[in-house]
Amino acid sequence: MLVLATCCLSLFIVGVDNTIVNVALPSIQRDLHASVSGLQWIITAYTVVLASLLMLAGSTGDRIGRRRTFRAGLVLFMLGSLLCSVAPNLGLLVAARALQAVGGSMLNPVAMSIITNTFREPRERARAIGLWGAVAGVSMALGPLLGGALVGSVGWRAIFWINIPVGLAALVLCALFVPESRAERPRPADPVGQLLITVLLAGLTYGLIEAPSAGWASVQTTGCCAAAALALACLVRYELRRAQPLIDPRLFLSAPFAGATVIAICGFASLGGFLFLNTLYLQDVRGYSPFHAGLLTLPMAGLTMVFSPLAGRLVAARGTRVPLLAAGSAMAAGTLAMTDLTAHTATWHLVVAYALFGSGFGMLNAPITNTAVSGMPRARAGVAAAVATTSRQTGQALGVAVIGSLVTSAVHVPLHTGFAQASHVGWWVGTGCGVAVLAIGILTTGRWAGQTAARAAQRLVPG
């Protein structure tokens, strides 16, 4: 249980950091004189680096030792948090956020491996993973409220301070109680594959975020998108030739796995865009304090916490289709309710939208992981789950990049006067993401999808 508590502390600081920063964006914007694209980079620098390194961090822990990798991740995350709290300008803040992400990439996947190796009895392992999921919900619920209180009372820099005492506690517990472990047959390093993944995500994200200022048809934008497309093509070709690839493209022959990947990207893109737009709306347009804004969004985070364990039970009892359909429907309804946003939209209208979106998002996580590993050979289940996790972070980065850039392009007056109207296009994109979750959930959870998973599993088994 002490090992589990140590791992949950790492999940807590990473989870809180995922939502607490959004509440501070308007304060950071005023203090550092940042543009909207600068605010996008504060979020996406973290999520892109995290998504790029998750697979590498997991395999590194298997190879050199999970406790060693976990401790290094804690140290880097705390160092990044400290540098964020003293950053004098936007550029250094973004760089410190990237350092945070390097540390964060070493925490969650490695912590899950530690839990799996510590709790070997299936029932105890299921209970431990259930508690792990509950901590994820609690951290997301506390993020907006805690962030609002800290920004309103101390200042935005304080949101990074809380990571340090929690990280230090996890570091001490790790040194005292977490045993070292390694995989019996760790996968070899794949530096070429890792580089191609980084070029793919960084090129696409940079091109999208800078498109409003550089021009959507500019050489910079088209060049970044072309580089990302070329990296994807090279990645598929290269990984198919490796005996032990970083990401095996043959996994995508399984419709449930491919569907889970796209659902994760769409669902978390909707979340990233929702949090980004809503924070700017509540504080810049409505003039709410950070604490008031965090308090108002508490129904969204609270219902996410309530529905997350319910989704797990539904998956166990009824399969993944029901929670996926519920997730897509509720998320689409929540963002649809925001498509007619004005500076004077009634508070009850906002709360209903937050409640719908939060309940839908709470239903999303459990079926994503279950669908990704459905029908996979046991030896590939961990890789499949890691790809699903990477897809979540990629989706959040793309959501902030795409939706933020579309809204920025539509704003032709000062932000506080034109943002509500300009944000409509972003809310419609979020609605489309929710509909995509619903449609792909229907398509990839039927009998045909199960048959493709069985055929893919046969091709993935050696010999």
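A salt bridge is a side-chain nitrogen of Lys or Arg within 4 Å of a carboxyl oxygen of Asp or Glu. The views below come from a predicted model, which holds 3 salt bridges.

**View 1. Arg30 and Asp284 form a salt bridge.** Their closest N and O atoms are 3.9 Å apart. Arg30 belongs to helix α1 and Asp284 to helix α11, so the pair ties together parts that are 254 residues apart in sequence. Asp284 has 17% relative accessibility and therefore counts as buried.

**View 2. Asp17 pairs with Arg97 in a salt bridge.** The closest N and O atoms lie 2.6 Å apart. Asp17 sits in helix α1 (residues 2-32) and Arg97 in helix α4 (residues 90-105), so parts 80 residues apart in sequence are tied together. Both partners count as buried: Asp17 at 1% relative accessibility, Arg97 at 2%.

**View 3. A salt bridge joins the side chains of Asp190 and Arg242.** The N to O distance is 3.5 Å. Asp190 lies in the loop between α8 (163-177) and α9, and Arg242 in the loop between α10 and α11, so this pair ties together parts that are 52 residues apart in sequence. Asp190 counts as buried, at 5% relative accessibility. Arg242, at 22%, counts as partly exposed.

**View 4. The second largest pocket has 22 lining residues.** Its volume is about 530 Å³. Leu200, Leu232, Leu235, Ile247 and Phe252 lie nearest the pocket centre. Helices α2 (36-64), α9 (191-214), α10 (219-241), α11 (255-285) and α17 (378-410) each supply at least two residues of the lining. By class, the lining has 17 nonpolar and 5 polar residues, with no charged ones.

Definitions and conventions
Residues are numbered from 1 along each chain as its sequence is written. This is a predicted model: local features need pLDDT of at least 70, side-chain atom pairs count only at pLDDT 80 or more; totals for chains, interfaces and linings use all residues. Side-chain values use heavy atoms; hydrogens and water are left out. On a 1 Å grid over the protein atoms alone, a cavity is a set of points where a 1.4 Å probe fits but cannot get out, and a pocket is an open set with protein on both sides within 12 Å along at least five of seven lines; lining residues have an atom within 4 Å of a point. Grid points are joined across faces, edges and corners, and a volume is the space filled by probe spheres set on the points. Helices (H or I, at least four residues) and strands (E, at least two) are DSSP runs, numbered from the N terminus. Ala, Val, Leu, Ile, Met, Phe, Trp, Tyr, Cys and Pro count as nonpolar, Asp, Glu, Lys and Arg as charged, and the others, Gly among them, as polar. Buried means under 20% relative accessible area, exposed over 50%, partly exposed in between (1.4 Å probe, protein chains only).
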